[in-house]
Amino acid sequence: MMSKSTYLRPYAQELLERLREPRRFIQVITGARQVGKTTLITQVAERAGGPYRFATADEPSLRGRGWIAQQWAAARLMADESDSHGALLIIDEVQKAAGWAEAVKRLWDEDTRTARPLKVVLSGSAPLLVERGLTESLAGRFERLHLPHWSFSEMQAAFGWSLEQYLFYGGYPGAAPLVRRPERWARYIRDSLIETTIARDVLLLSRVDKPALLRRLFALGCAYSGQILSYTKMLGQLHDAGNTTTLAHYLDLLAGAGMLTGLQKYSGAEVRRRGSSPKLHVFNTALMTAGSRLTLSRMRANPESWGRLVESAVGAHLANAADMDACEVYYWRDRGREVDFVLRAGSVLTALEVKSGRASGARSGLAAFADRYRPTRSLVVGGDGIPIDEFLSRPVEHWLRP
């Protein structure tokens with residue numbers, strides 16, 4: 001069994017090849033907290049073999065405006081003393097540094113004029129905030145790599161996990177050594193991951209007028225993952241809920257942090273899709289199970305709970321692919337007939353039904369959807385269709401081929 005410190009994610013090779021090139025670049029790496037951004041960057045920096053400086057802005061309070069310039073000055077000294085390949089500056093959680101985008105632009109342009117051989121890698125756990133800084137100040141100066149949550153095949157390769165372990169414990173590599181003590185694992189997910197993400201990556205960096213509401217919305221989303229829930233019903237479940245616009249905004253913030261998303265209904269009409277009730281899905285099933293107070297064996301013995309977990313794992317696999325721009329993901333429901341997921345990638349439209357053993361209130365709608373929209377292909381996952389482990393072991397792009 002390997003560990004996250006020795007397992008090299010597939011995305012590392014792309015970055016390693018860039019580091020070995022002589023030309024300068026700014027590489028931006030985004031992804032949710034605890035998906036292995038820092039580990040991957042340092043692994044690749046060590047393998048590249050050149051001099052590098054690592055600095056992190058991940059502190060409870062924001063770094064001052066001069067902090068990036070201080071790190072840059074130290075890296076410049078390394079670059080000036082190095083060979084023609086130069087040096088590497090890594091700034092982790094860059095969005096926590098005040099005025100980071102403007103500072104990086106100014107310093108990068110100075111080095112461009114002097115042809116200083118300094119390469120820069122920036123990472124961030126708040127993709128929406130990082131994207132804002134990139135588009136406002138660094139347009140045309142960077143390349144971006146977004147890291148998803150760990151897949152079943154990755155957790156299996158790094159930790160030897162079974163399908164059941166992955167479904168229950170999810171894809172957080174840092175928590176993997178704790179699964180032998182489930183209560184400790186659950187505390188780690190709740191306190192060190194969920195609370196830290198909400199407090200540092202959402203509330204600290206975005207305007208949230210009702211922090212308690214955002215936390216309750218996240219808890220509600222975990223409890224209803226895999227289910228369609230209208231904003232009106234959410235308002236009925238939450239106290240001091242404000243309005244649907246507030247809930248939709250908070251759901252966008254949670255999606256940007258890689259925690260919870262709301263899939264929209266597919267209808268072939270953009271306006272109707274945007275106005276539909278969302279189908280809630282976590283990006284990682286650990287976010288569901290850590291707060292459930294259930295053990296793997298107890299949840300496995302409950303067909304309803306286990307079926308919902310299976311559906312959420314498939315949904316998380318698809319949501320992470322959508323986050324990587326591999327496809328768009330929707331659901332479809334009409335007159336009691338439902339398709340669990342509708343995937344669109346260019347001209348390819350795929351309807352996907354999950355057979356998890358869980359009783360469903362809606363009739364399978366694959367045939368009805370096919371009659372109306374003529375999808376390129378229809379898939380059944382689970383039951384007598386594609387085995388769950390096989391579906392989760394392959395990238396979503398594999399299932400989108402015509």
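Predicted model: local features only at pLDDT ≥ 70, side-chain atom pairs only at ≥ 80, totals over all residues.
1. Strands β2 and β3 are paired in the parallel sense, with five bridges.

2. **Strand β1 and its partners.** On one side, β1 pairs with β4 in the parallel sense over five bridges, and Val-28 is found opposite Leu-122 of β4. Strand β1 also runs parallel to β5, to which five bridges join it. In that pairing, Gly-31 stands opposite Leu-147 of β5.

3. **How enclosed is β1?** Which way do Ile-26, Val-28 and Thr-30 point, and which way Gln-27, Ile-29 and Gly-31? The former group points one way from β1 and the latter the other way, and all of these residues are buried. Because six of the six residues of β1 are buried, the strand is largely enclosed by the rest of the structure.

4. **Helix α1.** In this helix (residues 12–19), the buried residues are Ala-12, Leu-15, Leu-16, Arg-18 and Leu-19. Why do they lie on the same side of α1? They do so because the arc they cover around the axis is only 160°. As for what they touch, the buried residues of α1 pack against strands β1 (26–31), β3 (87–92), β4 (118–124) and β5 (143–147), and against helix α2 (37–48).

5. **Aromatic pairs.** The structure has 14 aromatic pairs. For Phe-391 and Trp-399, the ring centres are 5.5 Å apart and the planes are at 25°; planes under 30 degrees apart count as stacked, so this pair is stacked. What about the burial of these two residues? Phe-391 counts as buried because its relative accessibility is 1%, and Trp-399 counts as buried at 6%.

6. **An aromatic cluster.** Which residues form one aromatic cluster? The members are Tyr-7, Trp-150, Phe-159, Trp-161, Phe-168, Tyr-169 and Trp-185.

7. **Charges over rings.** Two contacts of this kind may interest you. Arg-24 lies over the face of Trp-108, at 3.7 Å from the ring centre. For Lys-279, the charged end sits over the ring of Phe-341, and the distance to the ring's centre is 4.8 Å.

8. **A loop residue.** Where does Asp-325 lie? Its place is the loop between α15 (303–323) and β8 (328–334). Is Asp-325 buried or exposed? With a relative accessibility of 70%, Asp-325 counts as exposed. Asp-325 and Glu-102 are 223 residues apart along the chain, and 27 Å separates their C-alpha atoms.

Conventions
Residues numbered from 1 in each chain as written. Heavy atoms only, no water. Buried < 20%, exposed > 50% of the residue type's maximum accessible area, 1.4 Å probe, protein only. Helix = DSSP H or I, 4+ residues; strand = E, 2+ residues; numbered from the N terminus. Arc of directions from axis to C-beta. Contact = heavy atoms within 4.5 Å. Pairing = 2+ DSSP bridges. Phe/Tyr/Trp six-rings, centres within 6.5 Å; stacked < 30°, edge-to-face > 60°. Lys NZ or Arg CZ within 6 Å of the ring centre and 35° of its normal.
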